[in-house]
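Here is my note on your model. Please keep the structure open as you read, and look up each residue as it comes.

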Amino acid sequence: MTDIAHDVATETGGGAELSRSLKSRHVSMIAIGGIIGAGLFVGSSTTISQAGPAAVFSFAIAGFIILLVMRMISEMAIAVDGMQTFPDFARAGLGHLAGFLSGWLYWYFWVVVVAIEAIAGAQILHGWFPTVPELAIGIGLMAMLTAVNLLSARAYGEFEFWFSSIKVAAIIVFILVCAAWAFGITSGSGPSFNNLTAHNGFVPNGWGVVLAAATSTIFSLVGAEIATIAAAESEEPAKVISRMTVSVTLRILIFYVLSIFLIVSVVPWTEIVPKVSPFATTLAYMGLPAGQLIMEAVVLVAVLSCLNSGLYVTSRALFGLAKHKDAPQWLVQVNERKVPARAILIASLFSYVALAADAVSRDVVFSFLINSCGVTMLLLYLMTSAAQLKLRRKYEAKDPARLQIKMWFHPYGTYVAMAAMLVILVAKGLDPSASKELWLSLLVAGGFAAAFFIFRRRAA
């Protein structure tokens, strides 16, 4: 074992270990559910309204970048012993500062996402039950899924399995219904593929807009790395992770690219309204009864799935930080079911505070939280890419047998992914409407970096 692998595996602050109660089917559906969320069901409307039918390419480009990152993660997860959380890759390859920074940024990103999803779920349910305040519904959703996570990792896995199964089933049914319409089987007026070019062409606003749309689309696709965290609590982590890259490829191609392609084939892209689910618009266009209600229910399931996973991820990230002595040691505790209960409660507490901030001042406090984690995952993916390059060189020189899964086109595949992510970050910085996300995210990252040096100084 190399020195770096030894550091990750053994230099921790406690002997507490998580359970290995997740089955392969749990992790597989967690991987699928990590990407399929409101970003697909609602957020894709913005991409289509900007790029037209060529939005298919925007999603394909973003999906390709995520696919490369997932391949890097698969390589490192198999090669390096002791991996329990996604930030461990940066720690193994780049050192203590990178591990501290990536761990806290990852935790920060997901606790904000948890609050956002709780608010989104509350808004949907408030529409169904207008007499119940949104804040009360949001707190209720948080409490319910916090309880699920406190039960056991198996309970989380079961809930996520069924949440993801519903999402997958909904997308498959949607694809079949749309395909029947697009090919003229149910439309009554023949095939509708002419919508791909009928309204100012396939690329109505130019390829520059298609590439620009990919910069926002990529944020709809993050989350697949959750599977590596879940795999650490499975019975056969190496086997589970080795299958992950293929499943990511298939879900990107099928669930995102194919569904977007069929949407712009069935509905003229000019009728897609930003922030309104294009799936609901398509069902209404085909005259499907209760299409809006059906999609609201599917989006609600997607929101609850993301909320469930967010609580799981934040607790494991905090637990991992504590094990490496980068968070208070009282967090390195698990209950009799080997669940990091204290870390889960801290994560949920932060989200309750964020919910209250949204209720009091959505335009100030909560807006800051959302914008300040806007590009955090790209920063984390960049650190992951840099770690993969360094670890790959070390393993090739000292222990090539560990490289059971290898990054494609090494090192050029990694360079392409890093270059694409840097282009997206630069584009964010140059776009007046989006630059706030970049600068606030960098500000938060700088704050955590400063905390590291203060923390290390006090420890010394």
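The points below cover a surface patch and then some backbone features.

1. First, a reminder: this is a predicted model.

2. Start with the surface. Phe57, Ile61, Trp207 and Leu211 make a nonpolar patch there, of about 400 Å². Which elements give two or more residues to this patch? They are helix H4 (55-79) and helix H9 (207-221).

3. Is Leu211 buried or exposed? Its relative accessibility is 52%, so Leu211 counts as exposed. The cut-off for exposed is over 50%.

4. Now look at Asn200. This residue sits in the loop between helix H8 (153-182) and H9. Asn200 counts as exposed because its relative accessibility is 66%.

5. Move on to Phe409, in the loop between H15 and H16. Phe409 is another residue other than glycine with a positive phi, here near 55°. With a relative accessibility of 66%, Phe409 counts as exposed.

6. Finish with Pro411. Where is this residue? Pro411 lies in the loop between helix H15 (376-398) and helix H16 (412-430). Check the peptide bond that runs from His410 to Pro411: the bond is cis, and omega is near -5°.

Notes. Residues numbered from 1 in each chain as written. Predicted model: local features only at pLDDT ≥ 70, side-chain atom pairs only at ≥ 80, totals over all residues. Heavy atoms only, no water. Patch = residues over 30% accessible without salt bridge, like charges linked within 9 Å, V, L, I, M, F, W, Y side chains within 5 Å. Areas by Shrake-Rupley, 256 points an atom, 1.4 Å probe, with all protein chains shown as cover. Salt bridge = Lys/Arg side-chain N within 4 Å of Asp/Glu carboxyl O. Helix = DSSP H or I, 4+ residues; strand = E, 2+ residues; numbered from the N terminus. Buried < 20%, exposed > 50% of the residue type's maximum accessible area, 1.4 Å probe, protein only.
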